[in-house]
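Let's take a walk through a protein model together. Have a look at the picture first, and then we'll go through it step by step.

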Amino acid sequence: LIEGYWRGFSLMAVGFLLPFSPGSWGKAVFRGVIKLSFLGKTIVMGAMIFLGIQMKSSEIQPVIYFQF
């Protein structure tokens with residue numbers, strides 16, 4: 001199970017552990033984004049839009065038995 005969905009599990013792990021990270025890490029990320037070039041900020045924004053669209057378009061798939 002983990003071999004097939006390792007990306008999803010790793011994102012969940014990061015999401016669960018992120019609130020426990022030091023505040024200085026968040027400030028360092030903010031400074032890094034501010035220092036990015038326009039192209040870098042465009043790529044980050046495009047990735048965020050792509051992820052948002054992917055999450056919005058995902059629907060709960062009912063079990064096959066519910067389709068009868």
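Buried means under 20% relative accessible area, exposed means over 50%, and partly exposed is anything in between (1.4 Å probe, protein chains only). You're looking at a predicted model, where local features need pLDDT of at least 70 and side-chain atom pairs count only at pLDDT 80 or more, while totals for chains, interfaces and linings use all residues. Residues are numbered from 1 along each chain as its sequence is written, and side-chain values use heavy atoms, with hydrogens and water left out.

So what's the overall layout? The protein has three helices and zero strands, in the order α-α-α along the sequence. Helices (H or I, at least four residues) and strands (E, at least two) are DSSP runs, numbered from the N terminus.

How much of the protein is buried? Of its 68 residues, buried ones make up 1%.

Now for the surface. Val29, Val33, Leu36, Val44, Met48, Phe50, Leu51 and Met55 make a nonpolar patch of about 760 Å². Patch members have over 30% relative accessible area and no salt bridge, with like charges joined within 9 Å and nonpolar side chains (Val, Leu, Ile, Met, Phe, Trp, Tyr) within 5 Å. A salt bridge is a side-chain nitrogen of Lys or Arg within 4 Å of a carboxyl oxygen of Asp or Glu. Val44, in H3, is partly exposed at 36% relative accessible area.

Conventions: Accessible areas come from the Shrake-Rupley method with a 1.4 Å probe; for residues, only the protein chains shown count as cover.
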